[in-house]
Amino acid sequence: MRVSLSWLREHVEVSAELTAADLEAALVRVGLEVEEIVDLRTAVTGPLVVGQVRSAEPVPKVKKPIRYCRVDIGEGEPRGIICGAPNFVEGDLVAVALPGAVLPGDFAITARKTYGRMSEGMICSGLELGVSDDHDGILVLPAGCAAPGTDARALVGLDDVVVELAVTPDRGYCLSARGIARELAHSLGVAFRDPAGVRTPAVGTPTPAYPVRVNDPAGCDRFAARVVRGIDPTAPSPDWMRRRLAVAGVRSISLAVDITNYLLLDLGQPMHAFDLRSLRGDLVVRRAVAGEQLTTLDGCERVLDPEDMVICDAELANGLAEGTPVSLAAVMGGQTSEVVADTVDVLFEAAHWDPVMVARTCRRHKLSSEASKRWERGVDRDLCLPSLELAVRLLTEHGGGTVDEPVLDLDTGPVPTPITLAVDLPARTADVPYRPERVVEVLTSIGCTVAGDDPLVVTPPTWRPDLTDPADLVEEVIRLDGYDRVPSVLPIAPPGGGLTPAQRRRRSASRSLAEAGYVEVLCYPFVGHASLDALGISPDDPRRQLVRLRNPIAESEPAMRPTLLPSLLAALRRNIGRGQRDVALFEIGRVFHPGPAAGRVPPVLPVDRRPTDAALAEANAVVPAQPWHVAVVVAGETEPAGWFGSGRRADWADAVEAARIVAAEASVELTVQAATYEPWHPGRCARLLVGEHLVGHAGELHPAVCATLDLPRRTCAMELNLDALPLSGTVTAPAISTFPPALIDLALVVDRATPTGTVERAIAEGAGPLLESVRLFDVYAGAQLGEGRKSLAYNLTFRAPDRTLTVEEAVAARDAAVATAADRCGAALRGT
């Protein structure tokens, strides 16, 4: 928000000696963030004078519209100046920078020859002088405002100080000169003059200014309007208004539109001006209907959503709903009802809209406006009638016309809710001895109505919708009494118990995956149904039950993720698209599943005391389940090719091995079984179990998923529920035997469909405690084995902790393993 000091002085009694540094300090003192403060009095040095154009002749043989101007600057003989702007004529007064002047950006003005003529200065635009962003033409000063040769600084606004604030979302009232002036008055301890304190009707007249029906009071709880007829459509906006709009970065359009923009910046009340002639019937305020379209003032044709609010002309039927939309409420007007060059009758509208609805509409249509920026943060609902009163006064004063007596005011707003505040709560919170009288004084100064002694019953003002809890009032007391009074005392940290077992497990898993070559990423936890469609997840899958956000950042991703894979695969695709071919990523994060009371409105928990156990239980029932998951994705080569070998591409076994790495850090053993589960390839997918409990899946992604997501073929992935892994207690280190091992190779022939893990478990169980390790080193299938058979070759290592094994003991253990595998899996010793 950019505003000038002269503008603020109209609303607050600021000393004439206030410097730019003092102004910045005063605003910072009340918690406002000053992005930039510019003293325009020092922006231009050297001679800057008023000049009058005596003649303007086109420069011959030049394609550009360049003119050689003779400009009177009060020296008797006009000076010759080359200028390329087309927006002035002979007789106009302009701002002229003479040789020796230095404009913003250290742009020095000198006399020089150009286009074959000597140019002795420069006719300046607002952008060149640093008073506006307009560079479409030079500044044309009002006729008769000053004699040629007069210093032009005061006329172009270079006698002022401009401050730009970064307004936080909870301080929406400071997106106006009124709000900033109020804060400045608090900081300096001076009087504040409310520009909205004009005399207005308390309510609308029995006969409305224009017939309006509000069909959805939840989206629009107040709608007011007034009409001005017979204005001069050629009347220009006053110079002071155009200068203030320029300082704020707003382009001057026409008198009626400029008035609405000026009052938006001055009061903070967004308004809209309709061409009354373009309206055929009653206005209807309602929700949009799916399929409706509206062309907004920016020329874009927008398809409306049922959550959007629209203002409709009831006479123009569209076959879908009552009336045809003529304005996208609270965001931008429509082309069919805008004020145009020959508009003589104007309908001013000022309303109060639901902030959440406005925010969602802006994000959905990717359309942000100065009006919507204020609605999202909250607008004073009592500004409707004062804004209309000031609008009709300004329009009739500068554009003529007459004001219709009827006033429309449809008000269905809620009654303000008082807040109960313990009078000593600010002192207890800040450790500052605020007297009760001081607490009441501060709250009253910001516009609150205060009743009672202890506790205080405080009703916030309508321009502070952010004040909803006692903590908010405490913050205001601390802020306005001075942050510098709050002592800087470092609290004593309680002794910690270190990391919890779950935290240690997550860190160990992260470190182990990184050591295995995976790169950790952190992705946004938002998804949409399109993400799950791309993974081929069936409609009846539990992962389709999403936790939706009430106010999502993007309408395409309105829910929290039920799985880590959508965002992780998106990161993989992004890296591959940037030229990386061999990528292995992992993420450890939460996923979200609806709780048992999903959809129920949670209770409002107090912030000044501990909630009751029943209230906490009720709130927790609404909170979704949020288990920690770990997921990996890998594409390309895990072992690069080179002169030393052909390399190896990542396959499903790498995904399974990543799961084993995580399980090993958790000191649990995984059982791997063949499975079918989206989004994995049905023949290359494994389910991961701990005991009988399913904890995750791993394998190669389905080819259709790879094609849809534009990923390399045979991309692999794994996802594991970390919270489902049992937390082990004390880990016992394995006993290390000093006796030599007995090494025996074993080849078993089994059915091709028999999982190798099943065979391994049978071997381990049959061999008994003497078996130290079993490792599969070869898989073979051939005609000599028979149809549907395969050979599995294992290295068996036997060792006893207290002696050297005899050959007989090792062979007996091997035979027991073969017997158990034959019994469990139908295995036969190869070669027998």
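Visitor: Which residue just after helix 7 takes a positive phi?
Guide: Glycine 268 does, with a phi of about 90°. Please note that this is a predicted model, in which local features need pLDDT of at least 70 and side-chain atom pairs count only at pLDDT 80 or more, while totals for chains, interfaces and linings use all residues. Residues are numbered from 1 along each chain as its sequence is written, and side-chain values use heavy atoms, with hydrogens and water left out.

Visitor: What makes residues 255–267 helix 7?
Guide: Helices are DSSP runs of H or I with at least four residues, strands are runs of E with at least two, and both are numbered from the N terminus. Helix 7 has 13 residues. From first C-alpha to last, helix 7 reaches 18 Å, close to the expected 18 Å; the expected span is 1.5 Å times one less than the number of residues.

Visitor: Why is helix 7 called largely enclosed by the rest of the structure?
Guide: Twelve of its 13 residues are buried, so helix 7 is described in that way. Buried means under 20% relative accessible area, exposed over 50%, and partly exposed in between, with a 1.4 Å probe and protein chains only. Among the buried residues are Asp258, Tyr262 and Asp266.

Visitor: Which element gives the largest share of the largest nonpolar core?
Guide: That core has 119 residues, of which Phe348, Trp353 and Leu443 touch the most other members. Its largest share, nine residues, comes from helix 7. A second, separate core of 31 residues includes Ile537, Leu572, Trp680 and Leu701. The term denotes a set of buried Ala, Val, Leu, Ile, Met, Phe, Trp, Tyr and Cys residues joined through side-chain atoms within 4.5 Å.

Visitor: Why is glutamate 700 called buried?
Guide: Its relative accessible area is 4%, so the value falls on the buried side of the cut-off. Glutamate 700 lies in strand 39 (residues 693–701). Not counting residues up to four places away in sequence, glutamate 700 touches Trp652, Trp680, His681, Arg684, Arg714, Thr715 and Cys716; contact means heavy atoms within 4.5 Å.

Visitor: Why is helix 2 called roughly perpendicular to helix 5?
Guide: Helix 2 (residues 20–29) and helix 5 (residues 177–188) pack at about 95°, with their axes 8 Å apart. Angles of 65 to 115 degrees count as roughly perpendicular, under 35 as roughly parallel, over 145 as roughly antiparallel and the rest as oblique, which makes helix 2 roughly perpendicular to helix 5. The contact is made by Leu23, Ala26, Leu27 and Arg29 of helix 2 and Ile180, Leu184, Ser187 and Leu188 of helix 5.

Visitor: How do you know that aspartate 106 is exposed?
Guide: Its relative accessibility is 72%, so aspartate 106 counts as exposed. Aspartate 106 sits in the loop between strand 7 (102–103) and strand 8 (107–108), and its phi, near 55°, is positive in a residue other than glycine.

Note on methods: Axes are lines fitted to C-alpha atoms, for helices over the stretch in contact, and angles run from 0 to 180 degrees between N-to-C directions.
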